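This report is meant to be read beside the sequence and the model. Please keep both in view.

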Number of protein chains: 2
Amino acid sequence: MKSKIQSVKGTRDFYPEQMAFRTWLYGKVREVSERFGYQEWEAPFLETLDLYAAKSGEELVKQQAFVFQDRGGDEITLRPELTPSLARLVAARQAQLGKPIRWWSFGPFWRYERPQKGRSREFFQWNIDLLGPDNPEADAEMAAIGATFFRAVGLEAGEVKIQVNNRKLLERKVEELGVRGEVAAVFKLIDKRDKMSAEAWEGYATETVGLSAEQLSGLKDILSNRELWRESESLVRFFENVKALGVAEYIEYEPTIVRGLDYYTGTVFEARDRDGEFRAILGGGRYDNLVDAVGGDPLPATGFAMGDMVISLVIEKYGKKPALAVSPTQVLVTLFDEKGAADALGLARDLRAAGLNTEIYPQAAKLDRQLKYADGKGIRLVAILGPEEAAAGAVSLKDLAARSQRRVPRAEIAEEIRRSLDSGRGS
Amino acid sequence: MKSKIQSVKGTRDFYPEQMAFRTWLYGKVREVSERFGYQEWEAPFLETLDLYAAKSGEELVKQQAFVFQDRGGDEITLRPELTPSLARLVAARQAQLGKPIRWWSFGPFWRYERPQKGRSREFFQWNIDLLGPDNPEADAEMAAIGATFFRAVGLEAGEVKIQVNNRKLLERKVEELGVRGEVAAVFKLIDKRDKMSAEAWEGYATETVGLSAEQLSGLKDILSNRELWRESESLVRFFENVKALGVAEYIEYEPTIVRGLDYYTGTVFEARDRDGEFRAILGGGRYDNLVDAVGGDPLPATGFAMGDMVISLVIEKYGKKPALAVSPTQVLVTLFDEKGAADALGLARDLRAAGLNTEIYPQAAKLDRQLKYADGKGIRLVAILGPEEAAAGAVSLKDLAARSQRRVPRAEIAEEIRRSLDSGRGS
């Protein structure tokens, strides 16, 4: 047996069936983004390493980014996330761009991680961001977009949730424990909480972060206090706003949420399935200093990112995966011999001109084989143009679902196909 | 002044305006691909270098491909073209995939070339392929898809052309000159013809390729003989078929077309603007041995690729660039103060639930500023919800194009907006 060339580890092949799902997902992302008035944009897939060095956090840049030198010796990064690119584009045209800026994007990203369920090295991500306002209305809009997306794909509030916290509130509470100046280390500690055992986590807290027993106890109180949001004016208004936006049932306060990236400054959130089976579905929050950090003027901002892998698993788990047509073809035109090719191609031409997605069987073959192909592809209608039909100036239209066949004058065939498609849709 | 972080050389930033064009182009590609019954698929963006080594040709692999080692030491290539990936996916599931296979794709590619007008290092490409039949009907379908795409974007046969040749015909004619065994070198020579001066080309022909004066003269005869296609049964049927498919005016025989990639085996073609101002708009042809070469069973195939850069220049040159809405927003909801936020968000919620793309002005501001923002974004309708309107249970709907404003009961506002949008569309 010949050896087949393999794909790169952590990448995925999208055969038509998988691609139809990705296109459906992209369509839902577009629908919801546009429903809130966001404009689609896209950054390059290659960026300089410098862009991420400032603010993305060590893990992402030093351990997970694909970095290489191009043939000219320049250091290139396959983008591991989009937000720094967003800040770069905004900074480059900051004066000309009208504020607020509402942008969304759906494209590929790369991270060098161990491939596993819900995680690959090459994945797609929806990013959506609102730049300009620094108020709880903007934060609430982001959460509402996430919830509206869940609704759009059929996920209910009993199945998924968006958990919210505020870094400023958390910072204040942590400082009250007397760990002033080491807040970043404590945030990192909090972010690790569900990635370690309770014992290992407490060891990390006291030995690595250097918390006293009293401070650790205080921190645990903070992290279990579900009423803490009442101490944050920003979160109080946030929860009023998500209520006004009609998505309150999806959203809850969660004191342990802090998010892993260094650039967050205020309200942060992530979504999970209620059973806690998967990693976060989406995550984001306020990052008011990033445009500044890449060379622009300060510009408040909030946004989130959702990878395509976890959401796909969640959609599947809850039985919300739609039945998608894998072939766009509405009618197959048969081909019986070389002599009849011009006629068959001419029929296909006319059907296409009438706006019908038309495929021709591309080589002479027996009718049975052509019908079997149509059936396997899910093509319901077959326009049969044999010598008899050609002589009669007619076409036989076979409906594989209805198991019916009738002869139609050549001039009326497009209209007849359209009628059949419409009646099929209703049944 | 702070220094701004730069983008990577040869990449492009897609601000909403540029992205709207790319999305429009992708939509046209989808429309035409589906009109011929093709299924969308996608390969990974990272592949192994081995995949290209076999058949893509030295220039592409050794000079133009971005190749690097990942953190695990594996050699990775940023894909410079799609056809080898197609062959890999087909070979991996050859038994299960029903034939014919009609697949299309639109995605990013990378080549390390000198960035210039119509060429960047990161670009998008439409690929479309038909695997199974090895007949001129399949070749003609490919050319017809290209021509139908030109029609779909408004390019007429007087503006663009698809030039066709056949490698088997050319091989036979070249062998008749007595250069048996060195046909590949002569093909390379032919491919270089429009990239060098006549003098340099003749020097290359005699010195590097080793043609005699007589052979060179014979070759020049071949390359100027526009009736040569009559000697190829395959091309004769090809031209009958493109006529039956209704696209003959776009397609012509051109004896100098040979295409640069090593894997082509039969009919090849490329499209150009009639003025010859730009490089090829699209190019492709038959490649019957590629699935075999990556480890599958032999499977005849034909297809073409079209980059997004040259077609964009051609569309622009001939004034076919459409006017595209840069914002998806249908109505802007105003916000005057924090107290009114819940009301405004509730109105936005209701409009969205009614299927209207609704943006809220995201912070308290004077009406003038909010109207100016709407105007700048091309948003025609503004739903004004001030204290007066709130007290009256109403909303004022302002039409920035008609310069009109009227007060509408809150319960009727969605319907009124829909009416305004419909009447605006007609005007």
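## Model and conventions

This is a predicted model, in which local features need pLDDT of at least 70 and side-chain atom pairs count only at pLDDT 80 or more, while totals for chains, interfaces and linings use all residues. Residues are numbered from 1 along each chain as its sequence is written, chains are lettered from A and ligands numbered from 1 in the order in which they are written, and side-chain values use heavy atoms, with hydrogens and water left out.

The model has an ipTM of 0.94 and a pTM of 0.95.

## Interface of chains A and B

Contact, meaning heavy atoms within 4.5 Å, involves 102 residues of chain A and 102 residues of chain B. The two chains bury about 8700 Å² between them, with 58% of it on carbon and sulfur atoms; buried area is the accessible area (1.4 Å probe) that two parts lose on being put together, summed over both. B:I5, B:Y15 and B:R71 supply 9% of the area that chain B buries against chain A, more than any other three residues.

Six salt bridges cross the interface, each a side-chain nitrogen of Lys or Arg within 4 Å of a carboxyl oxygen of Asp or Glu. In one salt bridge, the side chain of A:R237 meets that of B:E338 at 3.1 Å, N to O. On the side of chain B that touches chain A, helix α1 (residues 16-35) of chain B gives the most, with eight residues. Helices (H or I, at least four residues) and strands (E, at least two) are DSSP runs, numbered from the N terminus.

## Strands of chain B

Strands β2, β4 and β3 of chain B form an open antiparallel sheet in the order β2-β4-β3. β2 (46-47) and β3 (66-69) are at the edges with a single partner strand each, so one side of each has no neighbour in the sheet. Two strands pair if DSSP finds at least two bridges between them. β2(B) is joined to β4 (residues 75-78) by two bridges, and B:E47 stands opposite B:T77 in β4(B).

Further along, six bridges join the antiparallel strands β15 (residues 394-399) and β16 (residues 404-409) of chain B. B:A394 has B:P409 in β16(B) as its bridge partner. β15(B) and β16(B) form a hairpin with four residues between them, and B:R403 in the turn has a positive phi of about 50°.
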